[in-house]
Amino acid sequence: MTYTKDIGEISARMHLAADAEKLQIRPGGSTAVFTAPGAATEGRFGLYEWNMPAGIGSSGAHFHKTFSESFYVISGTVGLYDGQAWQRAGTGDFLYVPEGGVHAFRNDSGAPARMLILFAPAPPREEYFRELCANAAAGRTLTEQEWTELFARHDQYRAPEPAD
């Protein structure tokens with residue numbers, strides 16, 4: 001139990017959609033909307049809306065050591081890798097990945113797709129996505145070592161790529 005008082009209190013906080021930070025990961029790529037970053041949830045979780053144009057490739061198989069990640073498909077069809085095989089996920093489908101769980105996602109369909117991504121507890125994932133955007137905007141091509149270091153700074157570790 002994290003709340004022990006016998007009476008409730010006024011503590012809810014509204015976060016307007018218009019105020020949410022939005023990033024396009026790279027030109028023509030996915031758009032992330034930081035719906036509820038950890039700063040807005042006392043670090044309990046982070047909730048992002050992920051909008052993918054048709055044919056967006058894989059995030060690359062990876063895992064995280066300090067947080068779980070969950071995916072909820074709002075619309076379209078998303079390929080979700082569960083560590084064993086690619087699953088075609090449609091509207092209403094959900095994938096939970098605990099700490100250490102290998103996963104990836106992609107939109108290899110011919111139509112746009114939207115999903116929610118939930119991180120718990122809330123790591124500062126916004127910094128990871130901002131760094132990806134900055135590199136893309138600068139036209140910077142990272143070496144394998146630079147990718148490894150970038151991922152490690154943000155608790156992201158590569159895993160063997162899944163076969164289709």
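User: In β10, which residue is the bridge partner of M52, and how do you know that β3 and β10 count as paired?

Analyst: The partner of M52 in β10 is A113. Strand β3 (residues 46-52) and strand β10 (residues 113-120) share seven bridges in the antiparallel sense, and pairing asks for at least two bridges found by DSSP, so β3 and β10 qualify. The strands themselves are DSSP runs of E of at least two residues, while helices are runs of H or I of at least four, each numbered from the N terminus. This is a predicted model, in which local features need pLDDT of at least 70 and side-chain atom pairs count only at pLDDT 80 or more, although totals for chains, interfaces and linings use all residues. Residues are numbered from 1 along each chain as its sequence is written, and side-chain values use heavy atoms, with hydrogens and water left out.

User: What makes β1 and β8 the edges of their sheet, and in what order do its strands lie?

Analyst: The open sheet has six strands in the order β1-β2-β3-β10-β5-β8, with antiparallel pairing. β1 (22-24) and β8 (94-97) each have a single partner strand, so one side of each lacks a neighbour in the sheet. Direction ignored, neighbouring strands are turned by 20° against each other on average, an angle taken between lines fitted to C-alpha atoms.

User: How do you know where β2 belongs, and how many bridges join it to β1 and to β3?

Analyst: Strand β2 (residues 31-36) is joined to β1 by three bridges, running antiparallel, and L23 stands opposite A32 in β2. β1 and β2 form a hairpin with six residues between them, and G28 in the turn has a positive phi of about 80°. On its other pairing, β2 meets β3 in the antiparallel sense over four bridges, where T31 has N51 of β3 as its bridge partner.

User: Which strands form the three-stranded open sheet, and what makes two of them edge strands?

Analyst: The order is β7-β6-β9, with antiparallel pairing. β7 (86-89) and β9 each pair on one side only, which places them at the edges. From one strand to the next the twist averages 25°.

User: What makes up the lining of the largest pocket, and how is it divided by class?

Analyst: The largest pocket has a volume of about 680 Å³. Its lining holds 34 residues, of which R26, S58, S59, Y128 and L132 lie nearest the centre. A pocket is an open set of points on a 1 Å grid where a 1.4 Å probe fits, with protein on both sides within 12 Å along at least five of seven lines, and a lining residue has an atom within 4 Å of a point. α1 gives the most to this lining, with six residues, and among the other elements that each supply at least two are β3, β10 and α2 (144-153). By class there are 17 nonpolar, 10 polar and seven charged residues.

User: Which residues line the second largest pocket, and how many of them are charged?

Analyst: T2, Y3, E9, S11, R13, E42 and R44 line the second largest pocket, which holds about 180 Å³ of space. Four are charged, two polar and one nonpolar; Asp, Glu, Lys and Arg count as charged, so E9, R13, E42 and R44 are those four.

Methods. Axes fitted to C-alpha atoms, helices over the stretch in contact; angles between N-to-C directions. Points joined across faces, edges and corners; volume = space filled by probe spheres on them.
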